[in-house]
Amino acid sequence: MNRRQMISASAAGLAAASAVSASAAAPESAETDAAPTVNITGVSLPVIADGRLRNYVFVGLKLNLKPGKSVEEVRAKEAWFRDAIVRTAHRAPFSVAGDWNRLHEGAIKAAMVAIGGVVMGPGVVAGCEVVSQSPRQRVANPTA
């Protein structure tokens, strides 16, 4: 794994996240339901606001693979996915403005698809779902 490829994929994922958040979510087809999935649970991502660490959110993810792709190969590289998403979250946070208890789901999804293209090669990861978000501690949101 080339570190530069991982960083460029993370940057591409963040750029795609803005496009994902601007457009409405398209309904999923029946093929996506039959596609194999891999669960990645307990990834701790930071909530950074005004240049300061405010909280951590534990995120559960589900990677949707293209039909016919091997689940075992992706599970073998789960640590690479975890490392890449944590590095991406520290470099360009997925924080939601005004809320220190959750993260931007569209940005996480786009980053994971981009990371999947680097870790597993293009065309393996079809999409990503954020299954759960639970903050490490409930913190009061900033007042305006």
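Angles under 35 degrees count as roughly parallel, over 145 as roughly antiparallel, 65 to 115 as roughly perpendicular and the rest as oblique. The exercises below concern a predicted model.

**Exercise 1. Decide how α4 and α5 are oriented to each other.**

Step 1. Two packed helices are described by the angle between their axes and the distance between the axes.
Step 2. Helix α4 covers residues 78-91 and helix α5 covers residues 105-119. Their packing angle is about 130°, and their axes lie 10 Å apart.
Step 3. Roughly perpendicular ends at 115 and roughly antiparallel begins over 145.
Step 4. The crossing of α4 with α5 is right-handed.

**Exercise 2. List the residues with which α4 and α5 meet, and sort them by class.**

Step 1. On the α4 side the residues are W80, F81, A84, I85 and T88.
Step 2. On the α5 side they are I108, A111, M112, I115, G116 and V119.
Step 3. By class, this contact has nine nonpolar residues, two polar ones and no charged ones.

**Exercise 3. Determine whether D50 and P93 are exposed or partly exposed.**

Step 1. D50 sits in the loop between β1 (37-49) and β2 (52-65). P93 sits in the loop between α4 and β3 (95-96).
Step 2. The relative accessible area of D50 is 71%. Exposed means over 50%, so D50 is exposed.
Step 3. For P93 the relative accessible area is 35%. This value falls between the cut-offs of 20% and 50%, so P93 is partly exposed.
Step 4. D50 also has a positive phi of about 55°, although it is not a glycine. Most residues other than glycine have a negative phi.
Step 5. P93 and L45 are 48 residues apart along the chain, and their C-alpha atoms are separated by 8.4 Å.

**Exercise 4. Work out where the model should not be read in detail.**

Step 1. The average pLDDT of the chain is 84, and 78% of the residues score at least 70.
Step 2. Over residues 19-32 the pLDDT stays under 50. For these residues the model has six contacts beyond four places in sequence.
Step 3. Where pLDDT is low, the predicted coordinates should not be read in detail.

Methods. Residues are numbered from 1 along each chain as its sequence is written. This is a predicted model: local features need pLDDT of at least 70, side-chain atom pairs count only at pLDDT 80 or more; totals for chains, interfaces and linings use all residues. Side-chain values use heavy atoms; hydrogens and water are left out. Axes are lines fitted to C-alpha atoms, for helices over the stretch in contact, and angles run from 0 to 180 degrees between N-to-C directions. Helices (H or I, at least four residues) and strands (E, at least two) are DSSP runs, numbered from the N terminus. A crossing is left-handed if the near helix is turned anticlockwise from the far one by less than a right angle, and right-handed if clockwise. Contact means heavy atoms within 4.5 Å. Ala, Val, Leu, Ile, Met, Phe, Trp, Tyr, Cys and Pro count as nonpolar, Asp, Glu, Lys and Arg as charged, and the others, Gly among them, as polar. pLDDT is the predictor's confidence in each residue, from 0 to 100. Buried means under 20% relative accessible area, exposed over 50%, partly exposed in between (1.4 Å probe, protein chains only).
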